[in-house]
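Hello,

Here is the structure I said I would pass on. My notes follow below.

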Amino acid sequence: MQHTIIKNASIVNEGILIQGDLLISNDRIEKVGGSIDIKARATEIDGTGLHVLPGVIDDQVHFREPGLTHKANIYTEAKAAVAGGTTSFMEMPNTSPAAITVDLLEQKYSRAAECSLANYSFFMGTSNDNLEEILQINKKKNQVCGVKIFMGSSTGNLLVNNTLQLEKVFAGSELLIATHCEEETIFTENLRAIKATGKKLTAADHPIIRNEEVCFESSFKAIQFAKRNNSRLHILHISTERELQLFTNMIPLKDKRITAEVCVHHLHFTSDDYDRLGNQIKCNPAIKAPSNKEALWKALLDDRLDIIATDHAPHTWEEKQEDYEHAHAGLPLVQHSLQLMLHYVKEGRISLPKVVEKMSHAVADCFQIHERGYIREGYMADLVVVNMNKPTTISKENILYKCGWSPMEGMIMPSSIEKTFVNGHMVYGNGVFDESKWGARMEFRRD
């Protein structure tokens, strides 16, 4: 049995901070707190001045494999993730081909088993005509994170605009249903109207075309489907103040049937940043006016918004340099999401325990992930060791995404990721990777 002891660290878990030791035995956390000494041989890590957090679980990433690997792949993006303290991810189905059959979905799992340094799960995609495949996934409800519905623009045949199909999926799925909510008819008309003026479009027009109404109408529609069918609905990347009236903090997360996510870029950027960054921050749903950012922060802190994610969506630099209409939507974020939130801890906007809650605990609760997301004895040892007082500058030299760029390039983060453990294995430590073990397929408890 292999043992690792992190000595004299500040351990942040379940709303509290304790000073003490943490013992990892093989792939699990064996003991937390106090002074730990064991007779067996152990690797000892000095945690003095460092914080130990549960590894981040990101419920929304696009790693582009198969078919779009000129942008990214599972190996490169999972490597970037663990370097940033993200130990587990859930990846979206809009690859090429799209993961809309059980066989195609399982091919993605098989690939991750060969090359992902982080733990993984993959969403089953929905089209207008794959209901039979969706219902087959019910048999794997403890092995698959959820079903994804694009109720707005997407690639390939993943846009679901057939009302009967939507009703049947919401009625029939026993898994969590995650939705991208933007009303296609509204933003298509908005685009037509602004083009009719003869205006040359730029990224600054993106939140006008994909405005608040686009998001609200689609989110409202998804909630009506969910309420009629008592579905387990999770709405991704909320970006508007108006949508927040659709969610509640009056019941505990574990009892909610309808939950919501906010992404780090909607908490950080506003429409004021288009002048500086242009298409680099073009994404769907759009980054909008500053009043929305302020409302999102308030709802995050009062628990109307349940979890923080990234919607990590890399594109090549060349794809982002196209004119506005042709520039691809999405931005790479997974390497720096935790550090960005620690930046806001330093600013006093959010507490460190709240960051841990929204990026680890709540994700585990929301998706009913088995034995991850907490620093608990007997749980899998997915951990990140952070130096809160060692600044890091984001630069081309340390960006690990295959696309090689970040909209936060040049930003000085107040913290550094010192070590990341995945299933008890120190996969990343002081800038060095140990790729001798791959991550594991996440399991869920939904019976």
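Which residues line the largest cavity? They are Ser 239, His 266, Phe 269, Ala 286, Ile 287, Lys 288, Ala 289, Asn 292, Lys 293 and Leu 296. This is a predicted model, in which local features need pLDDT of at least 70 and side-chain atom pairs count only at pLDDT 80 or more, while totals for chains, interfaces and linings use all residues. Residues are numbered from 1 along each chain as its sequence is written, and side-chain values use heavy atoms, without hydrogens and water.

The largest cavity has a volume of about 40 Å³ (on a 1 Å grid over the protein atoms alone, a cavity is a set of points where a 1.4 Å probe fits but cannot get out, and lining residues have an atom within 4 Å of a point; a volume is the space filled by probe spheres set on the points). Helix H10 (residues 290-301) gives the largest share of its lining, three residues (helices are DSSP runs of H or I, at least four residues, numbered from the N terminus).

Helix H12 (residues 337-346) packs with helix H13 (residues 352-367) at an angle of about 150°, their axes 9 Å apart (axes are lines fitted to C-alpha atoms over the stretch in contact, and angles run from 0 to 180 degrees between N-to-C directions). H12 is therefore roughly antiparallel to H13 (angles over 145 degrees). In the contact (heavy atoms within 4.5 Å), Ser 337, Leu 338, Met 341, Leu 342 and Val 345 of H12 meet Leu 352, Val 355 and Met 359 of H13.

Regards

Conventions. Helices (H or I, at least four residues) and strands (E, at least two) are DSSP runs, numbered from the N terminus. Angles under 35 degrees count as roughly parallel, over 145 as roughly antiparallel, 65 to 115 as roughly perpendicular and the rest as oblique. On a 1 Å grid over the protein atoms alone, a cavity is a set of points where a 1.4 Å probe fits but cannot get out, and a pocket is an open set with protein on both sides within 12 Å along at least five of seven lines; lining residues have an atom within 4 Å of a point.
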